[in-house]
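Okay, thanks for coming, everyone.

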Amino acid sequence: MQDARAFYPNDSINVAQIPGLNTLDISLVRIDYAPYGGLNPPHTHPRATEILVVLEGTLYVGFVTSNTDNRLITKVLNPGDVFAFPVGLIHFQFNIGNTKAVAFAGFSSQNPGVITIANAVFGSNPPINPDVLTKAFQLDKNIVTYLQSKFWWDNN
């Protein structure tokens with residue numbers, strides 16, 4: 001399998017790069033996905049709705065509705081397709097094609113923020129007590145400590 005990374009290579013435009021965006025409630029990012037398996041892992045934007053438009057490739061995208069329903073909403077996107085991720089909901093994008101994929105995402109905030117779920121839960125500093133995660137995820141404690149030992153920053 002090829003390198004399964006989704007990149008945010010300094011192609012994001014937000015208030016940090018362009019101070020003039022302050023108070024305009026917009027930002028933009030280009031996302032490049034490696035062929036089959038390129039992933040933007042489950043994450044959330046606590047301060048923005050995201051709208052994604054695919055320029056190249058084929059992406060399987062989705063989000064999970066909030067408690068108690070936790071319903072998964074998905075779609076396969078091709079060039080020209082658009083999909084919206086509601087503010088604060090966990091969502092992902094996965095390249096299911098054999099070629100690279102390229103998309104642009106627009107946000108309804110000049111500073112949307114991002115929380116990558118696995119990084120936050122298993123890579124927190126200091127670590128969350130393994131007993132908490134063992135109970136929350138109904139996993140063996142050895143699995144939790146193994147996951148916490150992984151490098152969780154650039155793991156996609």
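Let's start with Glu50, which counts as buried, at 2% relative accessibility. By buried I mean under 20% relative accessible area, with exposed being over 50% and partly exposed in between, using a 1.4 Å probe and protein chains only. Before I go on, a word on the model: it is predicted, so local features need pLDDT of at least 70 and side-chain atom pairs count only at pLDDT 80 or more, while totals for chains, interfaces and linings use all residues. Residues are numbered from 1 along each chain as its sequence is written, and side-chain values use heavy atoms, with hydrogens and water left out.

Back to Glu50, then. Where does Glu50 lie? In strand β4. Strands here are DSSP runs of E, at least two residues, and helices are runs of H or I, at least four, numbered from the N terminus. The side chain of Glu50 makes a polar contact with the side chain of His45, at 2.9 Å. A polar contact is a pair of N or O atoms within 3.5 Å; within protein, one must be able to donate a hydrogen and the other to accept it, and residues adjacent in sequence count only if both atoms are side-chain atoms. Leaving aside neighbours within four places in sequence, the contacts of Glu50 include His43, His45, Phe83, Phe85, His91 and Phe107. Contact just means heavy atoms within 4.5 Å.

Now His45, which sits in the loop between β3 (39-44) and β4 (50-56). His45 is buried too, with a relative accessible area of 5%. Its side chain makes a polar contact with the side chain of His43, at 3.3 Å. Setting aside neighbours within four places in sequence, His45 touches Glu50 and His91, among others.

Which residues does UniProt list for "binding site"? His43, His45, Glu50 and His91, in an unreviewed entry. Those four are spread over 49 residues of sequence, yet they cluster in space, with a largest C-alpha distance of 11.6 Å. UniProt positions are in the numbering used here, feature names are shortened, and annotations may be inferred rather than shown by experiment.

One more residue from this stretch: Thr44, in strand β3. Thr44 counts as buried at 8% relative accessibility, and a polar atom of its side chain lies 2.8 Å from the backbone oxygen of Gly88.

So what is around β4? On one hand, 4 bridges join β4 to β7, and the two run antiparallel; on the other, β4 and β9 pair in the antiparallel sense over 6 bridges. Two strands pair if DSSP finds at least two bridges between them. Take Ile51: its bridge partner in β7 is Ala84, and Ile51 also stands opposite Gly106 in β9. Leu52, meanwhile, stands opposite Phe83 in β7.

Next, the core. The largest nonpolar core has 17 residues, and Tyr33, Leu52, Leu59 and Val61 have the most contacts inside it. The elements giving two or more residues to this core are β2 (27-33), β4, β5 (59-64), β7 and β9 (101-107), with β9 giving the most, 4 residues. The definition is a set of buried Ala, Val, Leu, Ile, Met, Phe, Trp, Tyr and Cys residues joined through side-chain atoms within 4.5 Å.

There's also an open sheet of 5 strands, in the order β6-β5-β8-β3-β10, with antiparallel pairing. Its edge strands are β6 (72-77) and β10 (115-116), each pairing on one side only. Within that sheet, β3 and β8 (residues 91-95) pair over 3 bridges, and Leu39 stands opposite Phe94 in β8.

Zooming out, the protein has 3 helices and 10 strands, and from the N terminus on, the order is β-β-β-β-β-β-β-β-β-β-α-α-α. Of its 156 residues, 35% count as buried. Among contacts with a separation of 6 or more, 71% are between residues 24 or more positions apart.

Last stop, helix α2 (residues 130-137). At its start, a side-chain oxygen of Asn129 reaches to within 2.7 Å of the backbone nitrogen of Asp131. After α2 comes Gln138, whose phi is positive, near 55°.
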